[in-house]
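User: I'd like to learn how to read a ligand site and a chain interface. Could you walk me through an example?

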Amino acid sequence: MKRFVWRAAGVALWLQVSAFAGQLALRHILSSKSLLSPDALLFVSFGAEAVAFLLIGFLVSFLAGGFARRELLVSAGILAVIAFAVLHRMKPPSFSYDKFFADTRELVIWSGLTGVGALLLGLWGASFGVLLGAAETPDLRFAFEAGIARTHLRLNRRTAAMLVGLGLVPPGLLFAAGVFARAYDETVRSRALGAAAPTSLSSVRGDAAAVILSAAAVVAALFLAGRWLQARAQLAHLQPGQRRKRPATVVMTAISIAGVSVGVWALTVVLSVMSGFEADLKKKILGTNAHALLLKYSSDFSEWKSVMPKVVSVPGVAGASPFILNEVILSQGQTPTGAELKGIDPETAGSVNELPRQVIAGELSWISDPTQIPVRETAKPRDKARLLGDDQYLQDTFERKEAHPDELAKGIPPETLQKMPGICVGKEMSHALRAWVGDVIQVITPLGDMGPTGPIPRSKSFRVACILYSGMYEYDSKFAYIGIPEAQKFFRMGESITGLELKFKDVDAARAEGRRVVAALGGFPYRAKDWAELNRNLFSALKLEKLAMAIILTFIVLVACFNILSTLIMLVLEKTKEISILKSMGARDSSVMKIFVLEGLVIGAIGTAMGLLLGLASCSFIERFGLQLDPDVYYISNLPVNVDSGQFVMVAFIAVALSYLATLYPATKASRLSPVDGLRED
Amino acid sequence: MGEVEAAPVRESPRIEAPLLEARGLHKSYWLGEKEIHVLRGASFALGPGEMASLVGPSGVGKSTFLHVVGTLDPPTAGQVLYDGQDAFAMGEEPLARFRNRNIGFVFQFHYLLPEFTALENTAMPALIGRMPRPEAEQVARQMLETVGLSHRVEHKPGELSGGEQQRVALARALVLKPRLLLADEPTGNLDEATGEGIHQLLVDLNQRLGIAAIVVTHNPRLAERMPRRLRLQEGLVIEA
Ligand SMILES: Nc1ncnc2c1ncn2[C@@H]1O[C@H](COP(=O)(O)OP(=O)(O)OP(=O)(O)O)[C@@H](O)[C@H]1O
Ligand SMILES: [Mg+2]
C-alpha cells in the first residue's frame with residue numbers, strides 16, 4: 001500500500017477550488033461582457049473547468065507518484081462540499097425554466113457533479129502522468145514500446161496494406177455507387193423532359209474527381225478480391241503443419257477495430273442527417289424570415305423612414321425592410337382561416353428574405369400595383385409549380401380557376417376589381433381558401449371601431465396577387481402579405497410600422513450584429529431579436545434531439561471500447577511471460593503501460609479512421625442518391641445530409657478518448673505484474 | 001568491443017567491497033495454509049568479476065535464489081545489497097534501470113520473445129535502455145558474433161536449435177555488458193559438447209569483460225571448473 005501524500009491532496013484541493021471559482025467567474029464575466037449565446041457560455045466556462053481538472057490530475061500524479069486515487073478522492077469530496085456551500089450562498093439561477101433560483105436539491109446535484117467531474121477528470125489527467133512515468137523521472141520516449149505494440153498487433157507491412165485497403169475500398173465503392181446513381185438519375189430525368197438525352201457518362205464527366213475516385217475504388221476492390229482468392233487457393237495447397245496458427249487476440253483485435261468503426265460510422269451518419277434537417281429548417285426559416293427584427297418599446301415607429309438609412313449603413317448589415325404584423329381572419333365564402341397578415345415593402349423585401357423567389361404564380365410586386373392583377377385571363381403557375389406536379393390540390397385550384405375565371409368575383413364590375421388591393425398567400429392557404437391569383441378574398445380584423453357592444457370587426461376585400469411556396473408547412477398555411485400602405489390603412493396605424501426586418505452578411509453572428517445595430521441607433525427604445533431567439537423552441541427541440549441521439553449512439557462506441565478492453569486483457573494474459581522478461585531486462589512499469597495503451601489507441605484510431613471514411617462516403621451516397629422521404633409527412637423530398645467537419649472531429653475525439661480510457665485498466669494491470677509472475681508459468 | 005569497463009578479475013574469494021551481498025535471505029511461499037520455506041537465511045557475497053557455480057538438488061530453491069538476488073522478487077526477509085546499497089529499498093524505476101545496466105539474466109527456460117528475430121531479441125535490453133535502434137542493433141550484432149551466431153541474426157527463436165537459442169539468450173543477457181550475469185542452467189537440455197561450448201564461452205566472457213557470474217548447473221564437471229563453488233542446501237548457501 002502506498003503512502004497517502006497529504007501535500008498532493010492539498011495542492012489538488014487548492015487548485016480544484018480555484019478552477020471551480022474560475023468557472024463561476026468566467027461565466028459571470030462572459031455573460032456580462034460578451035455576446036455569446038447561453039449555450040456557448042456554458043460550453044466555454046464548463047469546458048475550461050474540465051480542462052483545468054484534467055491538468056490538475058496530471059500535476060497531482062507527479063506529486064503523488066502515481067494515480068493518486070485516494071488523494072484525488074479526498075480532494076474531490078471536499079471540493080463538492082465547498083462547492084455546495086458557495087452555491088448555497090450565491091443563490092445561482094436555476095437550469096430549469098420554470099424556476100428562477102436553484103433549490104437545494106439542484107445545488108446538491110450540481111456540487112456532486114462538480115466533485116465527480118473533478119475526480120474522474122483528475123484520474124484521467126493522472127493517467128497521462130503515470131504513462132509518462134510520474135512515479136519517478138518522467139520519460140517521454142516510446143520507440144521501444146511502439147515496436148513491441150506493433151508485433152503484438154501484427155502490424156507489419158502486409159497487414160498495414162490490408163488495413164488501408166479494407167479501410168478505403170468499402171467507402172470508395174459506396175462513393176462510386178452514389179456517383180453512378182446520380183448520373184443514372186440525371187439521364188432519366190433529362191430524357192423525361194425530352195431534352196437531347198445525354199448519356200450517363202457525359203453527365204458524370206463534369207465531376208472528374210468523383211469519376212477518378214470511384215474508378216480507383218472499383219479497381220482496388222477487384223484487386224483485393226483477387227488477392228484474397230489467391231491466398232485462399234494457396235492455403236488449400238498447404239500441408240496441415242504448415243498453416244500458421246493465428247492467436248485469438250489477432251481475431252479479437254480485428255473485431256475491436258470493426259466495432260469502433262461501426263460505432264463511429266453510425267454516429268457520423270446520424271449526426272450528419274440530423275444537421276441536414278437542421279440546416280434545411282434554418283434555410284426555410286430564413287427564406288421567409290429575416291435574420292433579425294428591429295423593434296421598438298413603443299407602438300409608435302413612424303420615424304422608420306429616417307432610421308432605415310442609418311441601419312443600412314451599419315457595417316455587417318446587408319439589407320433592411322419595414323414590416324407590419326397582425327393576426328387576422330381570411331375568408332372566401334364560407335371558409336374562414338386564421339392568418340398572420342404581414343405588411344411588407346415589395347421593393348426591399350427581397351433584400352431581407354427570399355419572398356420574391358418563393359412566388360409560384362403571379363407577382364409579388366402586384367400587391368403594391370393591383371391594377372396589374374389579371375381580371376380576365378388566368379395567371380399560369382411558374383416552372384416551380386410544374387416541379388410540384390404531384391401537388392393535386394394546387395392543380396385542382398388552378399384548373400377550377402381556368403374553368404370558372406370569375407367564380408369568386410361574381411357580380412363585381414372589373415373597374416372595382418382593379419381598384420382592390422393585392423394580397424399574396426402561401427400555397428397551403430391558397431387551397432384552403434380555394435383561391436387562385438385574381439380571386440377575391442376577405443380580410444377581417446377583430447380590432448375594429450368601437451360599437452355599442454364593444455369593437456366591431458372590420459373587413460376589407462383583397463385580390464390574390466401571388467402564391468408563395470416556402471417549403472415550410474407552417475409558413476405556407478399561415479402567412480399572407482399585403483403592401484405597407486394598405487396595412488397601415490387597414491390597421492389604422494398612421495405612418496407607423498411594427499419594425500424593420502434586417503439581413504446580415506453573417507447569419508451566425510445575427511445576435512451580435514443586432515446588438516450593434518441597436519447601439520448605432522442609440523439603444524433604448526430600440527431592440528433587436530435574432531432569428532434563433534425568434535425560433536428558439538424549434539431549434540432547442542432539434543438540438544435536444546440531436547444530443548439525445550449523440551448520447552445513444554455514443555453507447556455503440558462505448559460498447560466497442562469494451563471490445564478493446566477485453567482484447568487488451570486477453571493480450572495481457574497472453575503476454576504475461578513476455579512482460580516478465582521485459583521487466584527482468586529493466587523495462588519500467590510505465591514502459592509496460594505504454595505498450596498496452598499504444599495498442600488500444602492504435603486499435604481505436606484505425607477503427608475511428610475507417611468509421612469516419614465510411615461515414616463520409618455514406619453521407620456522399622445519401623446526398624447523391626437522394627433517399628426519398630414521404631413529402632406529406634416531412635415536407636421535404638429527400639433525406640438531407642450536412643457534413644459538418646467540426647462534428648466529425650468531435651466524433652473522432654470521443655472515439656479515441658474512449659479507446660484511451662478502455663486501455664487504462666489492462667495497461668495498469670500489465671504494468672503491475674511482477675517480473676516473476678510470468679517466469680513461474682509453464 | 002574492446003575492454004570497456006573491464007574490472008580486474010579478482011583471485012581471492014573474500015573481498016572487502018563486494019559487488020553483491022545477500023544478508024539472511026528468507027523466502028517462503030504459501031500454498032493455502034502450508035508455508036513452503038525455500039530460503040532460510042541464506043547469506044553470501046560476490047566480488048566484482050567473480051565467477052561462481054551454484055549447485056543443489058532439484059526443487060531446493062536455486063531459481064528462487066537467483067530471482068531474489070537478481071532483484072526480480074523481493075525476499076520475505078533479509079537484504080540484497082549491491083555495492084552496499086539495499087536494492088529493494090530503491091524505487092521501481094531506479095531498480096529497473098539498475099537491472100537494465102548491471103544484471104543480465106539467462107533463465108532456466110531461456111525465454112526468448114518468439115515474435116522477434118535473434119537480433120531483435122538480443123537488442124532488446126539496449127532498446128529498453130533507450131539506445132537508438134541502429135546503435136542497439138550494432139552492439140547486438142557484435143554480441144551475437146561473440147557467441148558465434150552471426151549467421152543466424154534474422155532467425156526467429158522457433159527457427160533456431162536449442163543450443164542456438166541458449167546462445168541468443170546469453171547474448172541478450174550480455175549485450176549491455178552488465179556487471180553481473182545470473183545464469184540458470186544455461187546448459188540444461190543440451191548435449192555434452194554443446195553444453196561444454198556454452199560453458200567455455202561463459203568463462204571466456206568472464207575473463208575478457210570481467211563480468212561477475214553465478215551459474216546454476218546440474219553438471220558436476222562443469223561446476224568443478226568454476227573458481228568458486230556454492231551449494232544451496234536446506235535454504236542456506238554454503239561454500240562447496
Ligand atoms: N510461486 C510459487 N509458489 C509456491 N511454491 C513455489 C513457487 N515457486 C517455487 N516454489 C517452490 O519452491 C521450491 C523451489 O523452487 P525452485 O524453482 O527455486 O527450485 P530449483 O532449485 O530451481 O529447482 P530446479 O533445479 O528443478 O530448477 C520448489 O519446491 C517449488 O515448488
Ligand atoms: Mg530452477
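Analyst: Happy to! The shell around ligand 1 divides into three nonpolar, seven polar and three charged residues. Here Ala, Val, Leu, Ile, Met, Phe, Trp, Tyr, Cys and Pro count as nonpolar, Asp, Glu, Lys and Arg as charged, and the others, Gly among them, as polar. This is a predicted model, in which local features need pLDDT of at least 70 and side-chain atom pairs count only at pLDDT 80 or more, while totals for chains, interfaces and linings use all residues. Residues are numbered from 1 along each chain as its sequence is written, chains are lettered from A and ligands numbered from 1 in the order in which they are written, and side-chain values use heavy atoms, with hydrogens and water left out.

User: Which residues come nearest to ligand 1?

Analyst: A residue is near a molecule if one of its heavy atoms lies within 4 Å of it. Of the 13 residues around ligand 1, the nearest are B:Ser58, B:Lys62, B:Ser63, B:Thr64 and B:Gln108. The site is shared between chains, because residues from chains A and B surround ligand 1. Helix H1 of chain B (residues 62-69) gives the most to this shell, with three residues; helices are DSSP runs (H or I, at least four residues), numbered from the N terminus.

User: Which polar atoms lie close to an oxygen atom of ligand 1?

Analyst: A polar contact is a pair of N or O atoms within 3.5 Å; within protein, one must be able to donate a hydrogen and the other to accept it, and residues adjacent in sequence count only if both atoms are side-chain atoms. For B:Ser58, a polar side-chain atom lies 2.6 Å from an oxygen atom of the ligand. B:Gly59 uses a backbone N or O atom, at 2.9 Å from a ligand oxygen, and a polar backbone atom of B:Gly61 is 2.9 Å from an oxygen atom of ligand 1.

User: Now the interface: how many residues does the contact take from each chain?

Analyst: Contact means heavy atoms within 4.5 Å. Chain A gives 35 residues and chain B gives 25.

User: And how many salt bridges are there between chain B and chain A?

Analyst: A salt bridge is a side-chain nitrogen of Lys or Arg within 4 Å of a carboxyl oxygen of Asp or Glu. The count between these chains is five. One salt bridge joins A:Arg154 and B:Glu115, with the closest N and O atoms 3.4 Å apart.

Definitions and conventions: Helices (H or I, at least four residues) and strands (E, at least two) are DSSP runs, numbered from the N terminus.
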